[in-house]
Amino acid sequence: MGTVTEAEAMRRAIALAARGLGSTSPNPVVGCVVLDAAGRTLGEGWHRRAGGPHAEVEALRDAAEAGHDVTGATAVVTLEPCNHTGRTGPCAQALIDAGIRRVVYAVADPNPTATGGAATLEAAGVDTAGGLLADEAAAGNTAWLTAVLRHRPFVQWKYAATLDGRSAAADGSSRWITSAESRADVHRLRAEADAVVVGSGTLRADDPHLAVRGIDGASQPLRVVVDTHATIRPTARVLDAAAPTLVAVAEDADTRHLPGALTVRLPRDGNGLDIPALLAELYAREVRSVLLEGGATLAGAFLAAGVVDRVVGYLAPALLGAGPAVLGDAGIGTIARALRLDVTDVARLGPDLRITATPLAV
Ligand code: AOF
Ligand code: ZN
């Protein structure tokens, strides 16, 4: 058995944590590796699903199943071990009881109900160190950390456009602007999100289905339609049984043509819905990450509300010169107020470019 440094073990724990993406919400993704004094791996684990055992407990169980004694061992965890009895017992105590002598974690737990694990470990004489590869571990948990800190879901706006920023041609045709590779990548984004959100314009123009296809074992996100005036037709594809759907309408909308369980009434903001109220409603339904899929008007409203945390643009090397723009009015009237972004990733997907960026001012 080879040996690894604590940093290498943390990298491994971050990779293990990522296996939980899409199935742990509303909880974080967490990975854990248990090392002996020489740096040999005794056990490893990750949090697989909300309500299931935490990563630390999985790693201790893995070590026990392999017949390893973890007395005096080091636990390397991507998140500060929890200190509370929630759906499972406190991990700090489980590590103490198992005889772990040192705990290295990456990111402190900002969740007020779970925080305090490091102090509990230290009080029990366990050598505890936080901050190892914190940025990398935090990047793996961006959605959950954003949701805990802001009390609303993490919002990712995704769009597909030609190089000149158009989402359709002048006659309305839009199939398929981007490549099969890009479209498959969007299904991955959907599978990782708790909810997929579209506006009524997109619904009318495209009649999208919004379910995840082509990914084995993927969990289906909640499909959310922002439909202020309740114009959705009962035959819309998004209303089928492939995944749950929520239709958000204005308080005064006429919804007699819709099944009641499907709709939620929200306050208005001008001609649309109040976006922070929508996000609060989704947060209350345990949604921690939202993939906003359009259209232009709704994306503009989200940006104007300052609640877009990440932009993912799929750009096809094609030009249209006419046709609707991907983004509508976002309340920006002059160049000095342009929403500047920091590009965090550029990738090629078949013939297309995928640009990932974070708004600088949010
Ligand atoms: C996890 N998985 O591996 C760790 C977590 O809902 P509960 O009772 O399972 O507690 C969830 C909280 O526990 C979570 O928000 C986080 O603060 C902490 N640590 N949670 O789901 C894990 N280590
Ligand atoms: Zn825990």
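**Figure 1. Gly 2 in the segment before helix 1.** Gly 2 is located in the segment that precedes helix 1, which spans residues 6-18. The model shown is predicted. Because Gly 2 has 7 C-beta neighbours inside 10 Å, and 12 or fewer is the limit for an exposed residue, Gly 2 is classed as exposed.

**Figure 2. Packing of helix 2 and helix 3.** Helix 2 comprises residues 55-65 and helix 3 comprises residues 91-98. Their axes lie 9 Å apart and form an angle of about 25°. Since angles under 35 degrees count as roughly parallel, helix 2 is therefore roughly parallel to helix 3. The crossing of the two helices is left-handed.

**Figure 3. Residues in the contact of helix 2 with helix 3.** Helix 2 contributes Glu 56, Val 57 and Leu 60 to the contact. From helix 3, the contact includes Cys 91, Ala 94, Leu 95 and Ala 98. Sorted by class, the contact of helix 2 with helix 3 holds six nonpolar residues and one charged residue, with no polar residues.

**Figure 4. Confidence of the predicted model.** The chain has a mean pLDDT of 95. A pLDDT of 70 or more is reached by 99% of its residues. For the complex, the predictor gives an ipTM of 0.90 and a pTM of 0.90.

Key: Residues are numbered from 1 along each chain as its sequence is written. Chains are lettered from A and ligands numbered from 1 in the order in which they are written. This is a predicted model: local features need pLDDT of at least 70, side-chain atom pairs count only at pLDDT 80 or more; totals for chains, interfaces and linings use all residues. Helices (H or I, at least four residues) and strands (E, at least two) are DSSP runs, numbered from the N terminus. A residue is buried if 20 or more other C-beta atoms lie within 10 Å of its own, exposed if 12 or fewer, and partly exposed in between; C-beta atoms are placed from the backbone. pLDDT is the predictor's confidence in each residue, from 0 to 100. Axes are lines fitted to C-alpha atoms, for helices over the stretch in contact, and angles run from 0 to 180 degrees between N-to-C directions. Angles under 35 degrees count as roughly parallel, over 145 as roughly antiparallel, 65 to 115 as roughly perpendicular and the rest as oblique. A crossing is left-handed if the near helix is turned anticlockwise from the far one by less than a right angle, and right-handed if clockwise. Two residues are in contact if their C-beta atoms, placed from the backbone, lie within 7 Å. Ala, Val, Leu, Ile, Met, Phe, Trp, Tyr, Cys and Pro count as nonpolar, Asp, Glu, Lys and Arg as charged, and the others, Gly among them, as polar.
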